[in-house]
Structure formats: structure tokens, C-alpha cells
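User: I am new to this structure and would like to understand the terms used to describe it. Please set each term against its criterion.

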Amino acid sequence: MRHLTSDEHPLVAFLFEQAGLSHNPASLRVEPMDDGGMGSLAFSPISPSRRFGRTAAECMFSDQDGVSVSAALNLDQHGEPLELDMLKVDFSALVRWPSADSLRP
């Protein structure tokens with residue numbers, strides 16, 4: 001587990017704000033998910049007892065290669081951050097994390 005990188009922080013902070021969550025994204029610990037390099041992150045604690053509850057916020061952005069990326073903040077059954085689910089429409093690896101001004105709700 002590790003803290004968010006400076007590249008990941010703008011996207012996570014944007015989604016937390018959109019979701020109205022009071023968590024401080026800088027204090028979160030994450031682990032990259034096995035998604036082919038698209039950028040998905042699992043939030044700590046990682047446990048088999050945690051289950052998907054709902055999607056709290058979503059946004060879109062264009063990767064550096066021009067391919068659209070969808071990002072969703074998913075919460076667990078208790079309303080706690082579960083994962084940042086990233087999906088690049090062509091399923092390729094993420095080239096660059098977005099800047100805050102490139103995010104579209």
C-alpha cells in the first residue's frame with residue numbers, strides 16, 4: 001500500500017469533491033489494481049468482506065493519446081471509498097494522469 005502520487009491526486013480529489021466526501025485524499029492509501037495499466041486503484045483497507053455499494057461520482061477526460069477515459073469513485077457497502085475504477089475506451093494503458101482542468105463531470 002502507498003499514498004497517492006502527485007499525478008493521481010487531482011483526479012481523486014475531483015471525484016471526492018463531486019461525491020461530497022470529507023475524506024482527505026492525501027491521507028488515503030491505495031494499491032494499483034490489475035486492469036491492464038488503465039490506472040484503477042483500490043483504497044485501503046483491502047478486504048474480501050468489503051463489497052461494492054454504489055458509484056459516488058464519475059468523470060471523463062482525454063488521455064494524452066486522445067483516447068477517452070472514464071473514471072468512477074466507487075464506495076463500499078458502508079459508504080467508504082472502495083476503488084477508483086478507470087476505463088479507457090480502447091482498453092489500452094493510461095499514458096498520463098489528467099490535470100484538474102481537463103476533467104469533465
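User: What makes the pairing of the Ser 40 side chain with the backbone nitrogen of Met 86 a polar contact?

Analyst: The model is a predicted one. In it, a polar atom of the Ser 40 side chain lies 2.9 Å from the backbone nitrogen of Met 86. A polar contact requires N or O atoms within 3.5 Å, and the distance of 2.9 Å meets that limit.

User: Why is Ser 40 called buried?

Analyst: The relative accessibility of Ser 40 is 3%. Buried means under 20%, so Ser 40 counts as buried. Ser 40 is located in the loop between strand S2 (29–32) and S3.

User: Which residues are in contact with Ser 40, leaving aside neighbours within four places in sequence?

Analyst: They are Glu 31, Pro 32, Met 33, Asp 35, Leu 84, Asp 85 and Met 86. Contact here means heavy atoms within 4.5 Å.

User: Why are S1 and S4 said to stand at the edges?

Analyst: The six strands form an open sheet in the order S1-S2-S3-S6-S5-S4, with antiparallel pairing. Strand S1 (2–3) and S4 each have a single partner strand, so one side of each has no neighbour in the sheet.

User: How do you know that S5 and S6 are paired?

Analyst: Pairing requires at least two bridges between the strands, and S5 and S6 are joined by seven. These two strands run antiparallel. As one example of a bridge, Leu 75 has Pro 81 in S6 as its partner.

User: What covers the buried residues of helix H1?

Analyst: The buried residues of H1 (residues 9–19) are Leu 11, Val 12, Phe 14, Leu 15, Phe 16 and Ala 19. Their cover includes strand S3 (41–43), strand S4 (52–62), strand S5 (68–76) and strand S6 (81–88). H1 lies across these four strands, S3, S4, S5 and S6, and runs at about 125° to S4. Just after H1, Gly 20 adopts a positive phi of about 70°.

User: Which residues have the most contacts inside the largest nonpolar core?

Analyst: Leu 11, Leu 15, Phe 43, Phe 61, Ala 71, Leu 84 and Met 86 have the most contacts inside this core of 24 residues. H1, S3, S4, S5 and S6 each supply at least two of its residues, and the largest share, six residues, comes from H1. Not counting residues up to four places away in sequence, Phe 61 touches several residues, including Leu 11, Ala 71 and Met 86.

Terms used
Residues numbered from 1 in each chain as written. Predicted model: local features only at pLDDT ≥ 70, side-chain atom pairs only at ≥ 80, totals over all residues. Heavy atoms only, no water. Buried < 20%, exposed > 50% of the residue type's maximum accessible area, 1.4 Å probe, protein only. Core = buried A, V, L, I, M, F, W, Y, C linked by side-chain atoms within 4.5 Å. Polar contact = N/O pair within 3.5 Å; in protein donor to acceptor, adjacent residues only side chain to side chain. Axes fitted to C-alpha atoms, helices over the stretch in contact; angles between N-to-C directions.
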